[in-house]
Amino acid sequence: MAVIPKFVGERIKRREDPRLITGTGMYVDDVRLPGMLSAVVLRSPHAHAKINSIDLSKARALKGVVCVLSGDDLRDKVGPVPCVAPADHVPYHPVLAQGKVRFVGEGVAVAVASSPYIAQDALDLIDVDYDPLDAVVDPEKALEPGAPVLHEEFGNNSVTFASVPNPAVDEAMRKADKIIKARLVNQRLAPIPMEPRGAVARWDGGYKQLTVWSSTQIPHLLRSQLAEMLKVGENRIRVIAPEVGGGFGCKLNVYAEEALVAHLSMTLGKPVKWIERRRENFAGTTHGRDQITYLEVAALKDGTVTAVKAHFVCDMGAYLQLLTPAIPGFSGLMMTGCYKIPALSFDQQMVFTNKMSTDAYRGAGRPEACYIAERVMDMVAAEFGLDPADVRRKNFIPKEAFPAPTAGGLVYDSGDYELSLNKALEIVGYQKVRAEQEAARKQGRYIGIGIASYVEICGIGPSALLPPKLKGGGWESATIRMEPDCKVTVLTGVSPHGQGQETTFAQIVADELGIDIDDVNVVHGDTAVVQYGIGTFGSRGTTVGGPALMMSVGKLQEKMKKIASTMMEVPPDQLIFTNRTVALASDPSKSIPLQQVVDAAYGYKQPIPGVEPGLDATSFYEPQNCTFPFGTHVAVVEVDPETGVVKFLRYVAVDDCGRILSPLLVEGQVHGGIAQGIAQALYEEVVYDESGQLLTATLMDYAVPKAHMLPRYELSATVTPSPVNVLGVKGVGEAGTIGSTPCVVSAVMDALKPFGIRHIDMPLKPEKVWRAIRDAQQKG
Amino acid sequence: MRLSLTINGERREDDIDPRTLLVHYLRDIAGLTGTHVGCETSLCGACTVHLNGHAVKSCTVLAVQAEGAEITTIEGLARGGQLHPLQEGFWEEHGLQCGYCTPGMIMAAADLLARNRNPTETQIREALEGNLCRCTGYQHIINAIQSAAAKMRTQKAA
Ligand code: FES
Ligand code: FES
């Protein structure tokens, strides 16, 4: 019999791909049900307006239209869109606007018809009488007295003011050789998964069963929230996350439309589908970032940073979505980055504006933090004329210090920051590139070398770190079932949508049970099939879902060993699983086929004392700490002073995500992350004009990078296992996004150093860079 | 109105609303949901199919414009149970994550390889101008296309 190989650590082709490369995967828009109706949402063209009246009569009269509703029709029928994160002011957030609209794209009415074309026609027949009001889009202006107030009941536009003071900061400021001040902006971004959102609902009146297919990252949490919004028991709701075409945080949410289609299906008795169009996606799906940071940095001449003090203004948008006010906290806590900066204080003013809500977007608070930390290092280097790599080395938390408590009150699990920096510099050939840069400058060419060392926070736990109102915590669940034919089913509470846990988890199980990877089927995303789980976000899929699976694997192994031990008459602790057998560890030739053990468990013709029939195990894993992946990215760019265009010469990334289970998939995650981080540095920005009109509402105006706008990435890794979980993994879903943004900005600023330019706010579009050069030349 | 055309080698006739977009016809009437919609404005490429052998964005073509045409969609790319080299390439090189852009990417790449059997990385990046991927950062897609191109050249030579 052929020996079954080991799978963990190998470059395994993904198990989810065959259906996806043949067009046979099923995304939410592919769900087709008999009698299904289409819903289309009418959206506000105004950023801020009073609704005087809505005339639905003409739309209702159109042939093929089944129903048309406005916000007033839904009062007391569908509960508000939830926010579970704490804030001083949590406004009532109706599923369709009531009395007032507060951002362009807010849902005002919904039309349901036999086809989306007819529903769209119906929208054109709806007459809304608006009284436009002054809008406020700049979060700093929104705080000024006299600014238009979004939610009158609060009297102003403050969501929350949070402050983390520290007297040691003032002390350090007094002793500093230099206090460096800066204002940094993390601009507003749109996540833009290639599949927009969508939901289908089917109410089965006979069985009192509601099924909702939604393009979501959190099927169970969505079920809990829908139960509240619709007043239906959770045991009557089944949420299915089918194939999901990317999420990046924006599908870590509960949206009005998900409740709307459910309500419509329950009242109409027919399945109802709503599919978001791209324009709606730009306007009505959560955005990310949008923070302004005022910084004061206490530094010594040798490059040591002794304190950081920050004031944040964070734009929350018009309403609070699921976790909106929870995101900026991570930016504050992680602001000291990889560095042993002893004193940190910050405060955060969160603000309502007439824009779409912000919420998690790949990195969720940590890219902002890392951007700040890395700009600080570069500014200190520039201030004292030091090498930016040396300044980082000087301030790194040394590897002996782990587990390392930070000024933000976290405890970093493990790390070796200098190792990754050195490796990245070695790959790029730092000294040589510096020499080339020098030579190029003499020829009037502007090459820049950017460095960013990052640390981020993944797999957030223990559960107490999550908002108290969130149903569910930082834990994750897994069931493993050895089926009677010796094939394994895994039910995971995470909800992958591109990350590839169908592959990674199958690798783990195959190795642990000594079976083939083809014998494992990983199931996720269906609340009627899978035990309660939390979902996929914050790089937690493998980091938290993996250890949960390991717990269940352990329980199953223990049971199978007990059974085998009675059959083989050896103590259970001397048994191992290999090559589809249970074998004696000291002599694997002494074995029995796994199938025999499985037969004994299911057939149970001979009762086994102390062992129940059947073979499955469920576990809920509660992490004791977060994990902290880290790494260093180095970019070499050339800036054309005539056009301001930034061209990549090299991009090197050394990431440490702990133990690597699926190298190919890890590379894929890093690549995609880098691409999104570069996009923030150079290309992307959600722009509203002063009246609150969204100027970037198409893929023409919002620059999601194309293939030719991105470099080839040179990847390498260091491996520092996490002590937090049995797998030693740290998570890799967001790392690339976090390291790449400051890295690229650092490179461009380095290139512009001869012009005396120290900082330009992102995105570093050619026009901005060109202007900065021109201004500097005129001044100088 | 009546529409007759050939999809993936099969002739079919349907009654359609004249304003139906080709992508909606393919998905909703012909039941071929492998072709995706990412923007409906010809900017993302998720809806790319072949019309008479050339890649088109089926969200910007009316179904009636395909009267009498031969259409190939992602579902028609594998022949006799054998994956197309591009499908193999995407699988082997991890050219996809969420898979949403993938059918369009593969169809666009097939069009490129029909014109250029041995494209450079730069040529591939430029040829993918109209196809967005938010997950992969493109590098594995490029590797996939190059690996498929190499395979197709040796297949031809054999
Ligand atoms: S859907 Fe056709 S190009 Fe985007
Ligand atoms: S694989 Fe997700 S968009 Fe390309």
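**Entry 1, one helical turn.** I started in helix α14 (residues 430-442) of chain A, where E436(A) and K432(A) sit four residues apart and so are separated by about one helical turn. Helices here are DSSP runs of H or I with at least four residues, strands are E runs of at least two, and both are numbered from the N terminus. E436(A) and K432(A) form a salt bridge, with 3.5 Å between the closest N and O atoms. I took a salt bridge to be a side-chain nitrogen of Lys or Arg within 4 Å of a carboxyl oxygen of Asp or Glu. K432(A) is exposed, with a relative accessible area of 59%, while E436(A) is partly exposed at 39%. For those words, buried is under 20% relative accessible area, exposed is over 50%, and partly exposed is in between (1.4 Å probe, protein chains only).

I am working on a predicted model, in which local features need pLDDT of at least 70 and side-chain atom pairs count only at pLDDT 80 or more, while totals for chains, interfaces and linings use all residues; side-chain values use heavy atoms, with hydrogens and water left out. Residues are numbered from 1 along each chain as its sequence is written, and chains are lettered from A and ligands numbered from 1 in the order in which they are written.

My search of the whole structure gave 64 salt bridges over all chains. I then picked out R223(A) and E234(A), whose side chains meet at 2.9 Å, N to O. This pair links distant parts of the chain, eleven residues apart: R223(A) is in helix α7 (residues 219-230) of chain A, and E234(A) is in the loop between α7 and β11 (237-240). R223(A) is buried at 13% relative accessible area, whereas E234(A) is partly exposed at 26%.

I also looked at R375(A) and D378(A), which form a salt bridge at 3.1 Å, N to O. Both lie in helix α11 (residues 366-384) of chain A, three residues apart, or about one turn of the helix. Are they buried or exposed? Both R375(A) and D378(A) are buried. Lastly, I noted a network of salt bridges that links R43(A), R197(A), E257(A), E276(A) and E280(A).

H497(A), T527(A) and Y532(A) supply 44% of the area that domain 1 buries against domain 2, more than any other three residues.

How many salt bridges cross the interface of domains 1 and 2? I count two. R19(A) also bridges to E243(A), with the closest N and O atoms 2.6 Å apart.

The area buried between the chains is about 4400 Å², with 54% from carbon and sulfur atoms. W91(B), R134(B) and Q139(B) supply 20% of what chain B buries against chain A, more than any other three residues. I count eight salt bridges between the two chains. E129(B) and K706(A) meet in a salt bridge at 2.9 Å, N to O.

I found a cis peptide bond from F402(A) to P403(A), with omega near -5°. P403(A) is in the loop between α12 (388-395) and β16 (404-405) of chain A. The bond from M762(A) to P763(A) is cis as well, with omega near -10°, and P763(A) is in the loop between α19 (735-751) and α20 (766-779) of chain A.

R289(A) has a positive phi of about 65° although it is not a glycine, and it is buried at 5% relative accessible area. D290(A) lies in strand β13 too; its phi is near 65°, again positive in a residue other than glycine. D290(A) is buried, with a relative accessible area of 10%.

Definitions and conventions:
Buried area = accessible area lost by both parts, 1.4 Å probe.
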